[in-house]
Amino acid sequence: MPGALVVGPTGAIGARLVAALARRDGWTIHGLSRTAPPAPAPFTHLAADLLDAASVRAVLAQAPGITHVFYAARAAHGENGVEDVPANVAMLVNVVEAVEAAAPGLAHVHLVEGTKWYGLHLGPYRTPAAEDDPRHMPPNFYYDQEDSLAALQRGRPWSWSACRPNVVCDFDPARARNLTSILGAYGAICRELDVPFDFPGTDAGFATLTEVTDGELCAEAILWLSGLSHGVNRAFNVTNGDAFRWRTMWPGLAAMLGVRCGEPRNVRLAAWMADKEDVWARIVARHGLAPRPLSDMALWAFGDFVFRQDWDVLSNLTRLRQTGFAAGLDSATMFAAQLSAYRAAGLLPPA
């Protein structure tokens with residue numbers, strides 16, 4: 001019987017991985033994190049500080065049946081890409097070494113990366129980005145993590161893979177760093193104030209190509225890659241498979257949100273939304289929404305990071321397609337479905 005260890009089981013991708021595994025017969029699922037999930041979850045929780053190697057080794061000794069590790073944890077989150085390299089590497093190494101010691105049947109380790117691998121946070125880069133493109137000037141903790149994982153695997157019977165999604169979008173009420181809820185909250189505020197739904201970025205950013213990744217599609221791709229008998233020990237780009245320009249997506253989003261479509265306006269959401277908590281409170285009261293602060297719905301700095309990319313963001317999916325994974329998703333359809341889910345949950349007002 002296969003046994004999964006999801007590291008970071010309540011995060012953006014970890015939660016979707018747990019759900020995808022739970023839909024499959026025969027899997028035992030463990031989730032490893034410092035704190036327990038806030039509600040009952042379909043996995044056995046293992047509590048450990050990932051930076052404490054002894055703590056990780058002790059808790060994973062209780063799970064000798066692990067065959068697959070899905071690593072979706074992060075030491076810290078920032079939008080500039082200069083994140084804590086030593087801590088992120090140590091956490092991953094501590095987990096892999098502890099699983100190796102406890103689980104003789106370990107078959108595969110999957111590492112969740114992202115398109116910051118290519119330097120999209122630094123400015124224009126070569127597109128469509130291919131997995132073996134040259135690295136940019138470090139630091140980039142993804143580089144160190146993958147190098148460490150490859151070194152740990154060398155000469156071992158297990159294999160590894162990595163995915164590189166871009167802007168994971170989902171219905172995820174616990175996550176403010178989510179483009180769908182940011183768009184929904186921004187649109188609701190525009191409608192409440194009777195102002196156009198302007199694009200919060202530059203003319204150039206409005207016109208460039210970009211892409212996103214649906215959370216459920218990403219989880220399915222990860223499980224697919226983790227079960228392959230070929231193409232192992234490599235990284236794979238994972239996106240919806242379509243590319244779009246905000247200038248063509250924006251009118252449709254405005255229609256979904258029931259607001260007048262605007263035009264590019266070079267503003268930063270983190271500054272312009274700083275005083276809108278009272279506006280959000282009015283929206284919540286008028287529509288009987290769940291009483292949540294605006295900061296729980298939208299991390300505006302992340303919106304600025306996405307909308308202020310004045311260069312193409314595009315990944316080459318050839319390597320993924322060559323494995324036989326053919327799933328894709330129209331991004332406009334994805335946004336519509338996810339916004340509807342937020343409305344149904346009483347977190348966004350009706351359109």
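Me: Which elements are included in what covers the buried residues of α10?
Reply: The model discussed here is predicted. Helix α10 spans residues 277–287. What covers its buried residues includes α5 (179–192) and α11 (294–297).

Me: Within what arc do the buried residues of α10 fall, seen down its axis?
Reply: The buried residues of helix α10 are V279, W280, I283 and V284. They line one face of the helix, because seen down the axis of α10 they fall within an arc of 140°.

Me: Which exposed residues does the face of α10 turned away from its buried side carry?
Reply: Exposed residues are those with over 50% relative accessible area. On the face of α10 turned away from the buried side, these are D278, A285 and R286.

Me: Are the rings of Y118 and Y125 stacked or edge-to-face?
Reply: A pair of aromatic rings is described by the distance of the centres and the angle of the planes. Planes under 30 degrees apart count as stacked, and those over 60 as edge-to-face. For Y118 and Y125 the centres are 6.4 Å apart and the planes lie at 10°, so the pair is stacked.

Me: Is Y125 buried or exposed?
Reply: The cut-off for a buried residue is under 20% relative accessible area. Y125 has a relative accessible area of 13%, so Y125 is buried.

Me: How many residues apart are F199 and W246?
Reply: F199 and W246 form a tilted aromatic pair, with 6.4 Å from centre to centre and 35° between the planes. The pair links distant parts of the chain: F199 belongs to strand β8 (residues 197–199) and W246 to helix α8 (residues 246–257). The separation is 47 residues.

Me: Which residues touch the most other members of the largest nonpolar core?
Reply: This core has 88 residues, and its largest share, nine residues, comes from helix α3 (residues 85–102). Leaving aside neighbours within four places in sequence, W246 is in contact with residues including L179, F206, F307 and F335. The residues that touch the most other members of the core are W246 and F335.

Me: At what distance from the ring centre of W117 does R164 lie?
Reply: A charge of this kind counts as sitting over a ring only within 6 Å of the ring centre. R164 lies over the face of W117, and the distance from the ring centre is 3.7 Å.

Notes:
Residues are numbered from 1 along each chain as its sequence is written. This is a predicted model: local features need pLDDT of at least 70, side-chain atom pairs count only at pLDDT 80 or more; totals for chains, interfaces and linings use all residues. Side-chain values use heavy atoms; hydrogens and water are left out. Buried means under 20% relative accessible area, exposed over 50%, partly exposed in between (1.4 Å probe, protein chains only). Helices (H or I, at least four residues) and strands (E, at least two) are DSSP runs, numbered from the N terminus. The arc is that of the directions from the helix axis to the C-beta atoms. Contact means heavy atoms within 4.5 Å. Rings of Phe, Tyr and Trp (its six-membered ring) pair if their centres lie within 6.5 Å; planes under 30 degrees apart count as stacked, over 60 as edge-to-face and the rest as tilted. A charge sits over a ring if NZ of Lys or CZ of Arg is within 6 Å of the ring centre and within 35 degrees of the ring normal. A nonpolar core is a set of buried Ala, Val, Leu, Ile, Met, Phe, Trp, Tyr and Cys residues joined through side-chain atoms within 4.5 Å.
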